[in-house]
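Let us walk through this protein one piece at a time. Keep the model in view as you read.

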Amino acid sequence: MERLFNRIGTVPPSRDGGAAYRAELFARFPFTPEAQRWLAGEIALEIHDVHATGGGGYWHPDRRRVELFTGQYEAAIHEYAHAWWHDRRLENDAAVRLMVAVVHLSEETDPVFAPTAALAHHYVYGIREQADPNSPTGYWRGMLADGNDWEMYAGLASGCMADIRLLPPYVRPFYADLFLLLPPEAPAPLAGAPHR
Ligand SMILES: [Zn+2]
């Protein structure tokens, strides 16, 4: 049976609690050893269809469980970031400090960080073109208005696909225990992946 695990795309359904998929995720993306141990040991993983890549998922804090609809890495990074942040966001004012850093990122002008700065701008100022009948402004007001640090955190984690070189130095410390900072010459983790 071992050879079934050798090729990408042949990871079996998560009857193993997602262990094979998780090992592949950790091999492809630079989760720190500490984060790998903690996520594997503390957080249950459920995957509905590991062969599909459409994305989607949930973090269930009450059940200490990440639920993924598919094997899409972006969703896995996002939901695992939620799980990681959940237990750490209230230490040393981390939630508020993150939001301050995201405001700073929304004003960032260094083109190296343009993609994550654009995300931060949405989180802070919302999207006027995105109608929201439940919003007092009529459009999606973003996350700062709701004090939603946890979606900012997970959104930037999946936005950079675990490559925190794409985050400026004042945002990286929030992710430093979750993701390794790759050396400048290292290829993007996503570059070798069969899908996002
Ligand atoms: Zn989320």
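Start with a hairpin. β2 and β3 form it, with four residues between them. In the turn, R64 has a positive phi of about 50 degrees. A word on names: helices (H or I, at least four residues) and strands (E, at least two) are DSSP runs, numbered from the N terminus. This is a predicted model, where local features need pLDDT of at least 70 and side-chain atom pairs count only at pLDDT 80 or more, while totals for chains, interfaces and linings use all residues. Residues are numbered from 1 along each chain as its sequence is written.

Two strands count as paired if DSSP finds at least two bridges between them. Look at G57, which stands opposite L68 in β3.

Now widen the view to the sheet. The sheet is open, with three strands in the order β1-β3-β2 and mixed pairing. β1 (44-49) and β2 (57-60) stand at the edges, and each has a single partner strand, so one side of each is left without a neighbour in the sheet. On average, neighbouring strands here are turned by 10 degrees against each other, direction ignored.

Next, β1 and its partner. Strand β3 (residues 65-70) runs parallel to β1, and five bridges join them. A44 has R65 in β3 as its bridge partner. D49 is partnered by T70 in β3.

A helix covers part of this sheet. α3 lies across β2 and β3, and runs at about 165 degrees to β3. For such angles, axes are lines fitted to C-alpha atoms, for helices over the stretch in contact, and angles run from 0 to 180 degrees between N-to-C directions.

Which helix packs with α3 (residues 73-86)? The partner is helix α6 (residues 149-159), at an angle of about 140 degrees, with the axes 8 Å apart. That makes α3 oblique to α6; angles under 35 degrees count as roughly parallel, over 145 as roughly antiparallel, 65 to 115 as roughly perpendicular and the rest as oblique. The crossing of these two helices, α3 and α6, is right-handed. A crossing is left-handed if the near helix is turned anticlockwise from the far one by less than a right angle, and right-handed if clockwise. On the α3 side, the contact includes I77 and W85; on the α6 side, it includes W150 and Y153. Residues are in contact if their C-beta atoms, placed from the backbone, lie within 7 Å.

Helix α4 (residues 94-106) packs with helix α5 (residues 114-125) at about 120 degrees, their axes 7 Å apart. The crossing of α4 and α5 is left-handed. Among the residues in contact are V102 and L105 of α4, and A120 and Y123 of α5. By class, this contact has eight nonpolar, three polar and no charged residues. Here Ala, Val, Leu, Ile, Met, Phe, Trp, Tyr, Cys and Pro count as nonpolar, Asp, Glu, Lys and Arg as charged, and the others, Gly among them, as polar.

Finally, step back. The protein is divided into domain 1 (13-87) and domain 2 (92-175), with bounds from an automatic or database domain assignment. Nine residues of domain 1 are in contact with seven residues of domain 2.

Methods. Two residues are in contact if their C-beta atoms, placed from the backbone, lie within 7 Å.
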